[in-house]
Amino acid sequence: MDNTMIPREEQTDDHLAFMDEAVLMGEEALAAREIPVGCVLVHDGKIVARGRNRTNEGRNATLHAEFDALRHLLPDRSHLTTPQLTRPFTPQADDVRTASGEGGKRKVWHTPLKGVVLYVTVEPCLMCASAMRQVGIEKVFYGCANDRFGGTGGVQSIHSDPRLLYAPPYPAVGGYRREEAIMLLRRFYISENTTAPKPKKKSNRVLKTEIAEVTPSPSPSPASFASTPVGTPKLAPAVPLV
């Protein structure tokens with residue numbers, strides 16, 4: 001399978017700004033000693049939900065960043081699956097107001113999520129790629145490829161497989177803040193997991209900063225992204241990675 005990677009010179013500032021917010025969520029996951037994957041969901045040029053990996057926090061293997069974000073929009077059943085987590089998982093007052101209905105009550109979105117775009121630091125895995133298709137996500141932008149579990153070209157192309165008849169396909173493209181996404185993962189994997197039954201000593205590991213370039217794939221046709229909801233979010237700039 002091939003990932004569609006967009007060259008940096010063809011990446012627009014509005015898409016990069018939303019990916020910067022996803023990187024911030026990845027930083028939050030790293031600080032919480034979770035695998036550092038973060039994402040945001042965007043509708044009409046505004047962030048309506050954020051998510052990050054919470055598999056350890058929730059003791060729930062399905063709590064990938066994409067599922068964390070979806071829980072802010074879809075009907076709340078978290079008390080049934082993960083009692084120890086309450087909504088919202090992450091302070092996101094501005095986003096909650098954006099997604100709220102009249103009277104300040106939380107708006108419950110219904111599938112398909114028409115016009116909702118996902119920005120995620122790492123290519124969605126097989127599970128998340130399937131979930132995005134089932135909820136009717138509009139498009140997916142990601143940072144780096146997921147060569148082991150990728151569901152949008154890394155291992156399987158669940159997002160576009162014509163044999164999957166339960167939901168329409170969606171476009172997915174990568175390369176947005178790819179280097180930042182890779183460095184987040186590297187910073188995590190050289191750290192010691194003190195919560196593991198037998199933590200491995202990693203004091204001799206060195207953080208590698210060299211990142212091999214990828215051969216850009218042909219860009220998708222302009223028509224496939226013509227309806228992409230864009231708009232630069234008026235939020236804090238991304239925290240520089242070290």
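User: Which residues form one aromatic cluster?
Analyst: F18, Y119, F141 and Y176. Rings of Phe, Tyr and Trp (its six-membered ring) pair if their centres lie within 6.5 Å; planes under 30 degrees apart count as stacked, over 60 as edge-to-face and the rest as tilted. Note that this is a predicted model, where local features need pLDDT of at least 70, side-chain atom pairs need 80 or more, and totals for chains, interfaces and linings use all residues. Numbering runs from 1 along each chain as its sequence is written, and side-chain values use heavy atoms, without hydrogens and water.

User: How many aromatic pairs does the whole structure have?
Analyst: The search finds four. One of them is F18 with Y119, tilted, at 5.2 Å centre to centre and 40° between the planes. That pair links distant parts of the chain, with F18 in helix α1 (13-31) and Y119 in strand β3 (116-122), 101 residues apart. Helices (H or I, at least four residues) and strands (E, at least two) are DSSP runs, numbered from the N terminus.

User: Are F18 and Y119 buried or exposed?
Analyst: Both are buried. Buried means under 20% relative accessible area, exposed over 50%, partly exposed in between (1.4 Å probe, protein chains only).

User: Why is the pair F141 and Y176 edge-to-face?
Analyst: Because the planes are at 90°, with the centres 5.3 Å apart. F141 is buried, and so is Y176.

User: Switching topic. What is the volume of the largest pocket?
Analyst: About 790 Å³. A pocket is an open set of points on a 1 Å grid over the protein atoms alone, where a 1.4 Å probe fits, with protein on both sides within 12 Å along at least five of seven lines; lining residues have an atom within 4 Å of a point. The volume is the space filled by probe spheres set on the points, which are joined across faces, edges and corners.

User: Which lining residues are closest to its centre?
Analyst: V122, A145, N146, F149 and L185, out of 24 lining residues. Helix α7 gives the most to the lining, with five residues.
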